[in-house]
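The sequence and structure come first.

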Amino acid sequence: MSVFRKSFLIRYQEFIFLFGVCLSIFIFNLCLEYKNYLDFKQSKHHLIENAVLLQNYAKINKNGKKYFVLKIKSKDFSFYTTTFKDLNLSINQNLNLRIITKNLTFKDYLAKSFYVPSYDFVPLQTKTQNALVEYFLNQHKDTKIKELYGALFFALNISPELRNDVNHYGIAHLIAISGYHIGLLFSVIFFILAPLYSFFQKRYFPYRNLRLDLSLMIFTLLLAYAYLIGFVPSFVRSLIMAFFGFYLLIKNIKIFSFTTLFFSVCIALSLYPKLLFSVGFLFSIMGVFYIFLYIHHFSKYFNVFINAVFVNFWTFFAMSLPVLYFFPLISYQQIFGVFLSMLFVLFYPCELFLHIIGFGGILDEFLLKFLEFKLYATNLSVNFWIFLTYILLSLLSIRFASLALLCVFSNLIAFVLISI
């Protein structure tokens, strides 16, 4: 047997073994969730205690009657419900209520986000926020700006109005705490701590590895941050993938590879089966995939700075069609999102520093005007089969650079259709 065939066989066996481990963990967690689902369904009128109201907005039904849509977060899941009564509840209000679980399916329960009828609302005294959260948010007077920074730093919920403003710019990924923020926080903290640690290392423990030690310290801080913001799923899954990437790095295994991405997804799904139904998780996978696709085919032709600029445009256009499939709003204004993503690298650490020293409200007036600005927008629906074809062609473009270019820049058609 040749050396090449032997090496390939070993790698193939390792691949199958790791996939089998992930599949076993996934099945175990799925069975556990199903048992919890059956236990939950035993009570058709389930009492939810100490839930938190995340959203509360009015709508009009077909008969012209006003009703209220509530998004509520309990200890184990979030759910939507409706009521015709104006309960005078405020955002982040604590409450008890009963939900009717009769029509709740296992799929909905597994997703940890569903709609259920409810009744018997009992408002409770709202718990005071964490002192650090209050310190940050009390630096702002406007409610919308408080929501913006609450989401940006502490993963707090935002109103439909602010979400609409953000979607017009195509920057929802910037205010939803995820892997993008982990990368920024890691880089900023490393940049701050490296000179200080290096000073002591050279004098007292030169045998230590600076990068390894600081990385472990920063991951500990990120775990503490995850606890502070309540182990938000988007942040936790990104942190798991960061841990896996770090493990590969210290083992000298190539990180920027599609195999690494595949196993990162497998590990995340095996630990959290609910991610199967998470649009945010899908977007994070696709975003990383298209970045890897650019690196795989085109990064060798340009220097680091040019690649940093090009990859932002590349990822923006690559994600346009998938985003439109789930959220059909489109506007030329969303192209600003490319530049805003690059500026965010400076904006995020600067605003974090300003909030720490108590001057977080300096840009409030500008941000309000920025959010109020709107260009013409329209809804553009994408057919499921077009979406599926795009995904399959994107996977095939791993092999063909010309197909990758065709897939990504075919998204320009969507922006042409705005003016038609």
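The points below cover the basis of the model, a helix pair, a sheet and several single residues.

1. Basis. This is a predicted model, in which local features need pLDDT of at least 70, side-chain atom pairs count only at pLDDT 80 or more, and totals for chains, interfaces and linings use all residues. Residues are numbered from 1 along each chain as its sequence is written, and side-chain values use heavy atoms, with hydrogens and water left out.

2. Helix pair, geometry. Two packed helices are described by the angle between their axes and the distance between the axes. For α10 (residues 258-271) and α11 (residues 279-297) the angle is about 170° and the axes are 10 Å apart. That makes α10 roughly antiparallel to α11 (angles over 145 degrees count as roughly antiparallel, under 35 as roughly parallel, 65 to 115 as roughly perpendicular and the rest as oblique). Axes are lines fitted to C-alpha atoms, for helices over the stretch in contact, and angles run from 0 to 180 degrees between N-to-C directions. Helices (H or I, at least four residues) and strands (E, at least two) are DSSP runs, numbered from the N terminus.

3. Helix pair, contact. On the α10 side the contact is made by Phe258, Leu261, Val265, Ala268 and Leu269; α11 contributes Phe281, Ile285, Val288, Phe289, Phe292, Leu293 and His296. Contact means heavy atoms within 4.5 Å. These residues divide into eleven nonpolar, one polar and no charged (Ala, Val, Leu, Ile, Met, Phe, Trp, Tyr, Cys and Pro count as nonpolar, Asp, Glu, Lys and Arg as charged, and the others, Gly among them, as polar).

4. Phe292. This residue of α11 counts as buried at 10% relative accessibility (buried means under 20% relative accessible area, exposed over 50%, partly exposed in between, with a 1.4 Å probe and protein chains only). Not counting residues up to four places away in sequence, Phe292 touches Ile255, Phe256, Ser257, Phe258 and Leu261. Phe292 and Asn63 are 229 residues apart in sequence and 50 Å apart in space, C-alpha to C-alpha.

5. Sheet. Six strands form an open sheet with mixed pairing, in the order β5-β3-β2-β1-β4-β6. Its edge strands, β5 (113-115) and β6 (118-123), each pair on one side only. From one strand to the next the twist averages 35°. Strand β3 (residues 78-83) runs parallel to β5 and is joined to it by three bridges; two strands pair if DSSP finds at least two bridges between them. Ser78 stands opposite Ser113 in β5.

6. Positive phi. Most residues other than glycine have a negative phi, and most peptide bonds are trans. Lys112 has a positive phi, near 60°; Lys112 lies in the loop between α2 (106-111) and β5 and is buried, at 13% relative accessible area. Phi of Ala155 is also positive and near 60°. Ala155 belongs to the loop between α4 (143-154) and α5 (160-169) and is partly exposed, at 28%.

7. Two further buried residues. Gln334, in the loop between β7 (329-331) and α13 (336-356), has a relative accessible area of 10% and is buried. Leaving aside neighbours within four places in sequence, the contacts of Gln334 include Asn167, His168, Tyr169 and Phe415. His355 of α13 is buried at 0%. Among the residues that His355 touches, not counting those up to four places away in sequence, are Tyr135, Phe136, His140 and Gly360.
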